[in-house]
Amino acid sequence: MATEQETEQFTFAKEEEKIIKYWREIDAFQTSLKLAEGRKHYTFYDGPPFATGLPHYGHLLAGTVKDVVTRFAANTGHYVQRRFGWDCHGLPVEYEIDKMLEIKYKQQVYDMGIDKYNAACRGIVMRYAGEWRTTVERLGRWIDFDNDYKTLNTSFMESVWWVFKQLYEKEQVYRGVRVMPYSTGCTTPLSNFEAGQNYKDVSDPAVVVGFKVAGEEKTYFAAWTTTPWTLPSNLALCVHKDMDYVKIEDAESGNVYILAEKRLCELYKNPAKAKMTVLEKMKGSALVGMRYEPLFDYFAEEYKERAFKVLQDDYVTDDSGTGVVHQAPGFGEDDFRVCQANGVIGDEADDLPCPVDEDGRFTKQVSDFCGIYVKDADKEIMRTLKGRGQLIRQGTLVHSYPFCWRSDTPLLYRAVPSWFVRVRNIQEKLLAANQATRWVPGHVREKRFANWLENARDWNISRNRFWGTPIPLWANSDYSEIVCVGSVAELEELTGVSGIVDLHRDTIDGLEIPSKKNPGTMLRRVEEVFDCWFESGSMPYSQNHYPFENKEHFEANFPADFISEGIDQTRGWFYTLLVLSVHLRNTAPWKNLICTGLVLASDGKKMSKRLKNYPDPNIVIDRYGADALRLYLINSPVVRGEVLKFKEEGVREVVSKVFLPWFNASKFFLSRVEDLGVDFQTVSHHVSKENIMDRWIMAATQSLIRHVRTEMAAYRLYTVVPVLVKMVDQLTNWYLRFNRKRLKGDDGPRNACDAANTLFSVLLAMCRIMSSFTPYITEMIYQSLRPFISAHTLQSWNISDSRSVHFLQFPEVQDEYFDPEIERAVQRMQSVIELARVVREKNNLSLKTPLDELVVVHSDPQYLDDIRQLSSYISAELNVRNLVLSQDETAYGISYKAEPDYKKLGTKLRKNLPKVKAALPNIPAAEIKAALSTGFISVVDDITLTSDEINIVRFFDDLCLSDSHKHKSYHANSDKDVVILLSTALSPDLIDEGLARELVNRIQRLRKKAGLQPNDPVTYYLQFNSDPNDSLLSVLSKKEAFLFSLLKQEIFLVPVPQDSSVLIQDIHDVNGSSFTLTFCT
């Protein structure tokens, strides 16, 4: 589908598909790599996605950023290997299989056989690999799919084993029992960063439960909880030693309750009016050691000597609950810590009540609720307690609660024996390594990521699952003897089994290693597999099968020059890469990192297939082209780590405002070359410096080259792309607009050839500059320019293969054209023109209507000199007859005012800011003007401000005009630097000329409609249908010479001769006069 600006015959999307075909024909990517052989290596790591889902805008954004940076590196003298990677293991794959096979419980996997289960997983791992390849290629991203890496490959898994063994031998791995976020949907613990990915607001029970004080009748500790299912596992209560507690008698029930004084509101809406009596007040420390009767007797006998007493810890607060916290050490991190510190539980995994199985159901240890899913058991437990009179209060609470990011089931916090990599002991090293890298944007490194590192916990790397890289530990039953295996060869040697070609569980779980401590017994592999984040964090080594292969290559090119992913990876891939690299090599694995923001739907919500609140990426690409999507994404807040609300019209605007003008400029060049009548390939393409606009556009091109090189070296795409887009505007809306007649030959053939040379040089330079960002349109325009590139030029660029723009190097600055003074002058000219255009628009004055005078007022003579040398362009563009340049601000009513710079003054003035704000409007204009030279201004009460702490603004005051100018109808505009005054009064002569220009416009439009080229000869006939008072006829008569100067031919006001061949005929209207225009050949 073409946009409104595209013709039915041509669309950028269709042209891009032709270019893909061409790239395939010349094997463009691989050819570019061969051409780059021998150059300095530039290392890039690609974070592996899962191929179990289709690519979305987040993937396309990441892919675009990676492609831009790596293409630019390749175009600036580097060899850049780009290999695609696939994350093949872990929960995303298993969850899909569980749904497909309707597996709800772990035992079902054992029943069907791990080999069959893993075979099913392997069968869907690359389900959408074809779609990924198609989409990535269509995006214009050059990356090697044929030489990709997959985390399921034995070579990759073997390197993961090697990484793990290095950590194990450094004693950085241990087995421990921790209360971890646990997914019952996936039957495995999750890491803390995974647990934070999917919070939802949910309604949970909020109950106050009475724990009967031992030896005291009808006396209860009132404890609050939102997880009634944890109550059968209660072993203690916890208070804060310094908080105030009360013992009250409830008049309604006759029971005595103990709770924090500030939390009486948990029992009574209005404690002051409640029917209760305060019997005693005490500090929490007075409660410590008091015993109570077990709420349930499931663990009463086993723990009677150690448990069921009051403990104390500072984590107890008085901002919620009752100040008495129930402790179930198997289901809470703080509960576990407090109970272990007070000897309620020991260090062993089996010395901990955790009566919930892997599927989240109560075990037979809790006989009354055995087999019930814990969340479903809440009501039964509350009913039981209510029947005993121990459910003091019952309600609900809406709060944010973590859900499994994959199965979307609520997470439980559950004590699980797991394998951990130490992180806390290297926190300072992590922070130092991170600090030595470049992040874009930098604040993510300094704040978000650094904060995460400062609070990082030891990393749970094990998962109780099936489809993953098995943890290579063989142990006896009590883990007193453990053997860590680091390679296939080592496993074959230890087990005596040869020919091992696969390392998945179904292949190696049956292999045993003879015990050295207890001869005759065998060590078996531990059950767990690696968290897939451990695998992706190992990819720098594993993709190269390091250290078994590519050892020298890897070590010579580590760390990576560049990586990039979304901001969510601060707790994912970026983190795991850093942890493993610091452990292994004491350095970060990257030098430069671009962290992109999130792409949301246009309404600011998360993109949802169910809600269909975003356009399909493939449809957008088919409609507007991949280049348009690329440029839209990287010219947005996401490259600064911020949020982008995706809007399809933004992609459409890239086509209409950037690509079409740029493409039309190249088409215009081709048409001019054809009309020049010279062999453009053989003429010298050296750009002359005679024409000021040629000098400017060449200078602007050199500044652009320098800017892009500087900013790309700092990886700041967000400062590069806007300047690239602006350059398209400079070329199409300024240079071409001002030189169109010159290019058409109005100033002679030599001048036309000079202008064509300039346009050719700039178009070719822009192709080379922007090829990394918009690979398709640059290739398309380059191919149209390629026939005119001389062999001498290619030789000077040291190019042996010119078949693609992507085989060319990024241009160097040509110092002979670098001219900051002419750039400054044109920028000032543009400011004046844009200010005057606004005045015209506000007064509904078309540019076709000439005006008498434009006054440019500025105190700086250099500013006026800059305008003077470009005055002819200003007069022509704004259609004004007289351009006046003046330093006399007084004569033209220019005054000064001061506006506060709140950012600078807020911290300096604080309470005095309102006083200064009120005083600034009363300062005389002369004093404000003087501050420009003195650098300071006295405001009020001895408060002095520097000139850079206020904004000094020039403005027009028509009451202050000198007598010689008061009769003129001036309308002013200012950009806080220059002031322009445009006379808007219209004389009859000005009106007539405006109508004449309208007639010329109608003729030009009809020529375009007829498909005529500039030099196609036709005869113009005009016949009036109606012309009140002969108004337009009078204009034609008075402006005959003017019309001839514009059209270069006569308009015949006679009927069309009968023997004429009519090419086109149309009826038009100008200022109420109707006429028929006819073109004849």
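Predicted model: local features only at pLDDT ≥ 70, side-chain atom pairs only at ≥ 80, totals over all residues.
Visitor: OK, and H1 itself: how far apart are its end C-alpha atoms?
Guide: They are 20 Å apart. The helix covers residues 12-25, and at 1.5 Å a residue its 14 residues should span 20 Å, so the two values agree.

Visitor: Which residues of H1 are buried?
Guide: Phe12, Ala13, Glu15, Glu16, Ile19, Ile20 and Trp23. Looking down the axis of H1, you find these buried residues within an arc of 150 degrees, so they line one face of the helix.

Visitor: And on the other side of H1, which ones are exposed?
Guide: There you have Lys18, Lys21, Arg24 and Glu25.

Visitor: What follows H7?
Guide: Glycine 140, and its phi is positive, near 90 degrees. Within H7, which runs over residues 129-138, the buried residues are Ala129, Trp132, Thr135, Val136 and Arg138.

Visitor: Switching topic: what's the average pLDDT of the chain?
Guide: The average is 90, and 98% of the residues score at least 70. Over residues 1-7, though, the pLDDT is below 50. That stretch has 13 contacts in the model beyond near neighbours in sequence.

Visitor: Now glutamate 266. Where is its place?
Guide: In the loop between strand E11 (256-260) and strand E12 (276-283). Glutamate 266 is partly exposed, with a relative accessible area of 24%.

Visitor: Which residues does glutamate 266 touch?
Guide: Leaving out residues up to four places away in sequence, it touches Val208, Trp224, Gly321, Thr322 and Arg393.

Visitor: How about alanine 926, what separates its C-alpha from that of glutamate 266?
Guide: 68 Å, with the two residues 660 apart along the chain.

Visitor: Let's do the sheet with E30 in it. What's the strand order?
Guide: E30-E29-E36-E35, an open sheet of 4 strands with mixed pairing. E30 (880-886) and E35 (970-974) are the edge strands, each pairing on one side only. From one strand to the next, the twist averages 20 degrees.

Visitor: Do E29 and E36 run parallel or antiparallel, and how many bridges join them?
Guide: Antiparallel, with 4 bridges joining E29 (residues 851-857) to E36 (residues 979-983). Leucine 854 stands opposite leucine 982 in E36.

Visitor: Which strands does helix H30 lie across?
Guide: H30 (residues 861-868) lies across E29 and E30, running at about 160 degrees to E30. Helix H31 (residues 871-878) packs on the sheet too, touching E29 and E30. The direction of H31 makes about 135 degrees with that of E30.

Terms used. Residues numbered from 1 in each chain as written. Heavy atoms only, no water. Helix = DSSP H or I, 4+ residues; strand = E, 2+ residues; numbered from the N terminus. Expected span 1.5 Å × (residues − 1). Buried < 20%, exposed > 50% of the residue type's maximum accessible area, 1.4 Å probe, protein only. Arc of directions from axis to C-beta. Contact = heavy atoms within 4.5 Å. pLDDT = per-residue confidence, 0-100. Pairing = 2+ DSSP bridges. Axes fitted to C-alpha atoms, helices over the stretch in contact; angles between N-to-C directions.
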